[in-house]
Amino acid sequence: MSFFGIRLASRALQAHQRALEIAGQNIANVNTPGYSRQTAVTRAVAGPALTTLDRAGNPLAPGGGVDVALALRTHAAWLDRTAATLRAQAGEAAVDERVAHQVERLLAEPTEGGLQATLDRFFTAFGNLANRPDDTAARSHATRTATELALRFQQLTRGLDMLRQELREQTQQMLTVINQVTAQVGALSRAIRQAQAAGASPNELLDQRDQLLAELVRRTGASVSGQESGEVVVSLGGMALVQGESVVPLQLASDGSLRALAPDGPKVEIPGGELGAIRKWLDGVLPGYRSRLLALRDHLASAVNTLHRTGKDLYGALGEPFFLTDSEGNLSVNPLLLSDPRRLAAGDGSAGDGNVARAIAGLRNADDAALAAYRALVAEIGVHASESRRRLTQTEAALQQIQAAQASESGVNLDEELAQMVSLQHAYAASARLLATYDELLTTLIERMGG
Amino acid sequence: MRVTTLQSLQRRIAEILQGQERLEAARDRVSSGRRIQRPSDSPAEIAELLRARTLVADLEQRRATADAFLPHMRASEMALGEIAGAVREIRILALQANNGTISPEQRLTLGEQVQRLRDRVRDLANTRISGRYLFAGTNTLTEPFTAGEPISYTGNTAPIQASLFDGGLLDVSVTGDALLNRRDLAGSGSTDLFQNLFAVETAVRSGDNKQIAAGLTALDEDLHHLLRLRGDMGARIQYVEAMRRRIEEDLLAAKQRQSDLEDVDLAAAILEAGTAETAHEARLLAASPRHRTSLLDYLR
């Protein structure tokens, strides 16, 4: 008989309290995204001195009770890589979907505000002018629809320019966020290394770092390695953005390219993610759309101008250029024609001749190749938008599955924790009872001995 | 598989959002009546839809062209008929004058009648419809036949043209020049309708039977020419009317195609919206706390 039993019981009380704390941490973080469930790993503690031997002469160890060896972080690291890839794809698809939708809204097809309907109104107005070239109202109507057409082209190119400006600003904002995140990852890696060196288990820090890495991947499509071994490496198209505790900041150079370290540092290509998608729209897709719209506009304007110059206005003068391009490259109707519709060269100069107007109206069919190119552009944007929407839904569904699998490994289930609490509570009560029993035993002993 | 609290909550939220999106899209289709509201709704069909819309606009334009010119053509035909009628009356008057027993007073009356009819021919040749001279070529805003003697033609020789099908041009007016039936005389100079009318009037007034006979021959020729012009215009009106009917049919077909492409099948859309609504309600119900049990409900 010794005081040893009291120590055993008190250690059991401590261990169950610690386990309860861990369950409490789990319950507290039930709604924390990225939190990994922790489990108390208990182990039996060996007794101190081996005082009693069994019949064979082996030591009989009554044991020293229990303690919590560590709070184990249950994290499905093997799912991280798949989840990261999906996250980058989902980020990319989300940006694609958003921008494609914006472009669609800008085009406003197939509505009365779309370019197609505007073109149709323009051609119809010239067809009507060809029927009534001697009617001033038909003339001014034709110039009005032409103005509308020029404005529509201007709206489209300006809308695309604004969209690009928006994306450029988003690039800047995103770079700021990325630089903050990489800096945090570096700082966390240092804290984790120090904690581990001190023998602690920095579970919460690991969770935080995983969260930040996931965000980094979603934004840039970077590849991450070494989460398990300790030294985390985040590489971006062959260039290490984060290596352990050292971090390379990204900069937006004046020419619009991304550079590492300084505005004149080495160029960095963003392989994917949200930023990758933004770069793709900014540098490739939107300028392409813009130049195709401009090509259509210039083609139409020059075809109309060429025809208009062959005609004569009602004063007998040869047709002036119908459309003008100003210094900023914007199309407008020649102000001469707007102020005096008689200057419109609808035909050979006689009041009733509308041959030129008819030829301009005939561009609708004669120049179908150019207009078909526009329809193809609309269809292409439609494909882009619907494809990115589908891709977003698919990757999000896949991501959800992976996240469910991850959560199934590392997420918190309240019922489970509650059950754990009940069991710990009972164990705690039993340990306390044990302590009380030892107390009684000792009291009895001391009283009897004293008596 | 362990089901975790946060995951299950997030999944419910995601499902509810998805359901709302689907419901919203279905309701949009019902309220707008449009199946294709933006290119991505059906990228495979959007180009065809735009083509169909352009075709409809083009056909409407052609129909408008036919509608714009048919009244002019009908008015031209009628005016040509009336001119021919007047010339025929002049011819009858000339025949009456071509008679030895006629008194000078009667000749004077006949001459005046011829003059009035000649003025009528000039008025008819100056017919205007909605501000446009029919027989002036493309000089539609100036009166083509001047008053006085001789009557000169100020219009031009270019007929008004209309395009009813792609690349095809149809003359829809008779120029004053054609109306005049200018022709060379065997001996010297040339003659035309009004010159003949003046010549007949002079001959009737003076009682020169030889000149009246020559005038009658010329008038016969003019009359024949006018009737040919009228018949020709009638044929062209029929052609334009036939074209208009064809355009109308094409337009119907094009509009049907456009509607097939862009309009929603309302019955199906309403049904779809209803289904989406029911599904959404079910999801909301599933997410409600009443249907979520927890160990907490059973622990004291």
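How much area is buried between chain A and chain B, and what share of it do carbon and sulfur atoms give? In this predicted model, the buried area between the two chains is about 4300 Å², and carbon and sulfur atoms give 52% of that. The size of an interface is often given in this way, as the accessible area lost when the parts come together.

**Where the chains meet**

Let's look at who takes part. The contact joins 55 residues of chain A with 51 residues of chain B. Some links can be counted, as the table shows.

| Link between chain A and chain B | Count |
|---|---|
| Salt bridges | four |
| Residue pairs in polar contact (both at pLDDT 80 or more) | 19 |

A salt bridge you can find yourself pairs E112(A) with R53(B), where the closest N and O atoms are 3.7 Å apart. On chain A, the helices that each supply at least two residues to the side touching chain B are α2 (80–107), α3 (115–131), α8 (355–361), α9 (363–366), α10 (368–410) and α11 (414–450). The largest share, 17 residues, comes from α10(A). By class, the residues on this side of chain A are 17 nonpolar, 21 polar and 17 charged.

**A helix pair inside chain A**

Now turn to α3(A) and its partner α6(A), which covers residues 273–310. Their axes come within 14 Å and cross at roughly 0 degrees. Angles under 35 degrees count as roughly parallel, so α3(A) and α6(A) are roughly parallel to each other. From α3(A), the contact uses L115(A), L119(A), F122(A) and F123(A), while α6(A) brings L293(A), L296(A), L300(A) and V304(A). This contact has eight nonpolar residues, with no polar and no charged ones.

Key: Residues numbered from 1 in each chain as written. Chains lettered and ligands numbered in written order. Predicted model: local features only at pLDDT ≥ 70, side-chain atom pairs only at ≥ 80, totals over all residues. Heavy atoms only, no water. Contact = heavy atoms within 4.5 Å. Buried area = accessible area lost by both parts, 1.4 Å probe. Salt bridge = Lys/Arg side-chain N within 4 Å of Asp/Glu carboxyl O. Polar contact = N/O pair within 3.5 Å; in protein donor to acceptor, adjacent residues only side chain to side chain. Helix = DSSP H or I, 4+ residues; strand = E, 2+ residues; numbered from the N terminus. Nonpolar A, V, L, I, M, F, W, Y, C, P; charged D, E, K, R; others polar. Axes fitted to C-alpha atoms, helices over the stretch in contact; angles between N-to-C directions. Parallel < 35°, antiparallel > 145°, perpendicular 65-115°, else oblique.
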